[in-house]
Amino acid sequence: MTFAGMTALELGRSFEEGRADPREVTEDFLERAGLEDPDRRVYVRLLEKRARAEAAAAADRAERGLRRHALDGVPLSWKDLFDVAGEPTAAGSLALKNRVPEKDAEVLARATRAGAICLGKTTMTELAFSGLGINPKFGTPANPHDGKVERVPGGSSAGAAVSLARGLAAGAVGTDTGGSVRIPAAWNGLVGLKTTAGRLPLKGTVPLSPTFDTVGPLARDVADAAALLALLEGRQARPLAPLDLNRTTLWLPGGIGWSGLDPQVTSALDTGIRRLVKAGARIVEQKLPELDEVHALAWDPKASRLVAEAYAQWGEMLASNESDIYRPVFERVMAGAALKAGDLVRADLKRKEIAARYFAATAGVDAVILPTVAIAPPPIAELLSGGEAYGRANRMALRNTTMGNQLGVCAVTLPCGNDDNGLPIGMMLQSAPHAEERLLSLALAVERALS
């Protein structure tokens with residue numbers, strides 16, 4: 001029996017009811033990961049010994065009626081920037097291949113205490129600094145939705161998304177600094193939650209930009225995303241009830257987030273919005289100039305706090321290991337050397353002022369709707385060498401999601417159809433900071449309307 005098609009909560013219920021055994025389920029995932037990912041393009045490392053020991057403990061608790069959480073015994077994958085005690089945590093970089101932490105990351109420790117199974121560590125963009133997911137040093141997992149052309153999976157949580165999309169994990173944990181949960185989730189037909197900065201602890205994660213780094217789950221559906229959020233927060237999962245769409249207001253802002261879309265992205269979002277209207281949602285179509293302003297600020301080469309913090313963290317290491325670093329990542333990080341403190345402070349103040357206006361303008365709506373990603377995932381081969389093609393694709397992949405990180409919102413992406421090649425398209429709902437519970441309830445109602 002294979003368990004690949006079950007949601008994380010369905011697996012948990014099967015353990016609760018004695019219809020499945022965590023040992024059997026974990027062995028199934030490990031076996032298929034070994035067979036289907038022999039070159040380790042999805043999992044940089046399987047943690048068989050740990051997973052089997054945790055599964056045995058989960059089985060014992062289930063037999064004795066002592067399960068700790070709805071996801072007790074459920075096998076999850078972890079992006080390779082979460083510390084795992086005694087295991088290399090390289091964040092996709094050869095320069096960090098000998099980095100072996102002594103303790104688990106705080107969110108992994110919480111999940112482990114609640115009984116979740118740590119299957120292994122997934123591949124990622126080097127240092128989490130790209131929205132495409134390409135990593136020629138550790139391997140790039142191909143998007144599983146095109147059987148003919150190897151396309152980018154989205155990044156930086158590339159292996160996280162593919163592990164779930166290919167049924168090699170029941171849930172995945174990634175991080176999102178500029179879209180690194182939402183982009184791969186959208187391009188792999190998954191739900192991805194970008195949490196508010198500070199909601200989940202970063203202790204024990206390899207940093208990129210501490211101002212914008214966030215931890216978040218990738219899931220098969222909204223209910224699983226909510227349960228994974230609870231797991232990572234160290235609390236019990238509460239039943240998720242959908243909002244009444246007849247009492248919701250959603251904002252369509254137009255502007256930069258709706259420009260330059262692939263025609264089939266536009267078509268899928270238009271169809272999805274019509275379904276939401278039919279289900280009772282009120283739609284406000286009005287410009288939100290703050291989105292255009294924060295987009296321009298985020299991509300100002302003279303004022304990027306994200307680039308500045310990446311350079312402060314990693315500039316010296318990259319300069320000493322240039323030949324080991326993927327060139328597009330090297331160039332983006334090293335651009336931080338030219339940034340000036342005065343420009344960064346002015347940009348910080350401007351960003352706060354834009355965010356204040358944005359939250360004032362959107363205070364009366366439940367969420368702002370945007371396409372998660374403006375384009376379909378491009379072929380890997382066309383971008384592997386870097387250069388202008390890589391830069392254009394990376395900017396278009398990150399464009400819509402980055403605005404949310406800059407503003408400090410919480411946001412969720414959920415599937416909204418497929419293009420003619422079968423490639424998934426995502427709809428993003430963007431809400432106020434620390435409104436994850438209400439956002440997930442809204443997302444559950446939207447999920448049902450779209451399906």
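A polar contact is a pair of N or O atoms within 3.5 Å; within protein, one atom must be able to donate a hydrogen and the other to accept it. In this predicted model, such a contact joins the side chains of serine 157 and lysine 79, at 3.0 Å.

Serine 157 lies in a loop. That loop runs between strand 3 (117–122) and helix 5 (158–165). The relative accessible area of serine 157 is 0%. Serine 157 therefore counts as buried, since the cut-off is under 20%. Leaving aside residues up to four places away in sequence, serine 157 touches Lys79, Gly174, Thr175, Ser180, Val181 and Pro184.

The structure holds one cavity of 30 Å³ or more. The space in the largest cavity is about 60 Å³.

Pockets were examined next. The largest pocket holds about 620 Å³ of space. Its lining comprises 34 residues. Phe129, Trp299, Val307, Arg332 and Asn394 lie nearest the centre of this pocket. Helix 13 gives the most, with nine residues. By class, the lining of the largest pocket has 16 nonpolar residues, 11 polar residues and seven charged residues.

The second largest pocket contains about 240 Å³ of space. It is lined by 14 residues, and the closest to its centre are Ala226, Ala237, Arg238, Pro239 and Leu240. Helix 7 (222–233) and helix 14 (436–450) each supply at least two lining residues. The largest share comes from helix 7, with four residues. The lining of the second largest pocket divides into 10 nonpolar, one polar and three charged residues.

Terms used:
Residues numbered from 1 in each chain as written. Predicted model: local features only at pLDDT ≥ 70, side-chain atom pairs only at ≥ 80, totals over all residues. Heavy atoms only, no water. 1 Å grid on protein atoms, 1.4 Å probe; cavity = no way out; pocket = protein on both sides within 12 Å on 5 of 7 lines; lining within 4 Å. Points joined across faces, edges and corners; volume = space filled by probe spheres on them. Buried < 20%, exposed > 50% of the residue type's maximum accessible area, 1.4 Å probe, protein only. Contact = heavy atoms within 4.5 Å. Nonpolar A, V, L, I, M, F, W, Y, C, P; charged D, E, K, R; others polar.
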